[in-house]
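Keep the viewer open as you read.

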Amino acid sequence: AADVIEEGEWPGRYIPIIPVIGKEYNVNGERVWKGIVSNAKDAQRQYNVMRSEQVLTIGLASKAPWIMAEGQDEGYERIWDTANTKNYSRLVYIPKSFDGTLLPPPQRDTTEPAIQAISQAVREAEADIKATTGVPDPALGNLSGKERSGKAIDSLKEQTALGTSHFLENLATVSMQYEAT
């Protein structure tokens with residue numbers, strides 16, 4: 001953006017970047033434009049963060065189902081190494097002590113990451129995006145059992161079209177006019 005690479009005669013009145021105006025506002029004497037995604041930015045950011053957190057949390061979840069002191073599986077390593085893939089009737093361990101105190105037997109790691117809560121946050125963010133853009137599930141092709149009839153589908157499509165019609169109207173009456181000149 002610092003150097004002129006090429007110069008020449010431009011055959012039109014405008015640079016071929018044609019804005020498609022969604023909503024236009026006058027805020028303290030200044031023109032402000034908003035598109036269909038403007039109000040959904042925060043919900044999209046939340047969705048992105050929660051999806052990343054979901055992948056990270058699942059990826060960092062413990063894959064070792066047992067916690068034991070060093071040496072408690074001595075002589076039984078093969079059994080303990082396959083305890084998550086085979087159904088043994090018992091798991092044998094060697095009792096160990098530390099400073100004269102008998103250590104507890106191996107225990108299952110029952111720590112459960114907050115995957116369910118994160119997944120719920122993802123669904124909420126997704127619903128927020130649909131609510132702020134005015135584009136519900138049926139308009140995206142996601143239909144429930146109640147929305148299977150032709151009349152129900154047409155009604156939902158009509159609702160979406162009405163909620164976002166000003167964007168298409170501005171495309172047709174403003175942007176396409178500039179493109180033609």
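In this predicted model, the largest nonpolar core is made of 6 residues: Ala40, Ala43, Tyr47, Val122, Ala125 and Ile129. Two elements, helix H1 (41-60) and helix H3 (115-133), each give two or more residues to this core. H3 brings the largest share, with 3 residues.

Click on tyrosine 47 to see how the core is put together. Leaving aside its neighbours within four places in sequence, tyrosine 47 is in contact with Val122, Ala125, Glu126 and Ile129. Val122, Ala125 and Ile129 are core members as well.

Now for H3 itself. Its buried residues are Ile118, Ser119, Ala121, Val122, Ala125, Ile129, Lys130 and Thr133. How does the length of H3 check out? Just after H3 comes glycine 134, which takes a positive phi of about 75°.

Back over in helix H1, have a look at threonine 57. Is it buried or exposed? Threonine 57 has 13% relative accessibility, and because the cut-off for buried is under 20%, it counts as buried. Not counting residues up to four places away in sequence, threonine 57 touches Pro113, Ala114, Ile115 and Ile118. Of these, Ile118 is one of the buried residues of H3.

Next, the aromatics. A search of the whole structure turns up 1 aromatic pair. The rings belong to tryptophan 66 and tryptophan 80; their centres are 5.1 Å apart and their planes sit at 90°, so the pair is edge-to-face. Tryptophan 66 lies in strand E3 (residues 66-67) and tryptophan 80 in helix H2 (residues 77-81), so the pair ties together parts that are 14 residues apart in sequence. As for accessibility, tryptophan 66 counts as partly exposed at 23%, whereas tryptophan 80 is buried, with a relative accessible area of 9%.

Last stop: the hairpin. Strand E1 (residues 23-27) and strand E2 (residues 30-34) run antiparallel and are joined by 5 bridges. Lysine 23 stands opposite lysine 34 in E2. There are 2 residues between the strands of this hairpin, and asparagine 28 takes a positive phi near 55° there.

Methods: Residues numbered from 1 in each chain as written. Predicted model: local features only at pLDDT ≥ 70, side-chain atom pairs only at ≥ 80, totals over all residues. Heavy atoms only, no water. Pairing = 2+ DSSP bridges. Helix = DSSP H or I, 4+ residues; strand = E, 2+ residues; numbered from the N terminus. Core = buried A, V, L, I, M, F, W, Y, C linked by side-chain atoms within 4.5 Å. Buried < 20%, exposed > 50% of the residue type's maximum accessible area, 1.4 Å probe, protein only. Contact = heavy atoms within 4.5 Å. Phe/Tyr/Trp six-rings, centres within 6.5 Å; stacked < 30°, edge-to-face > 60°.
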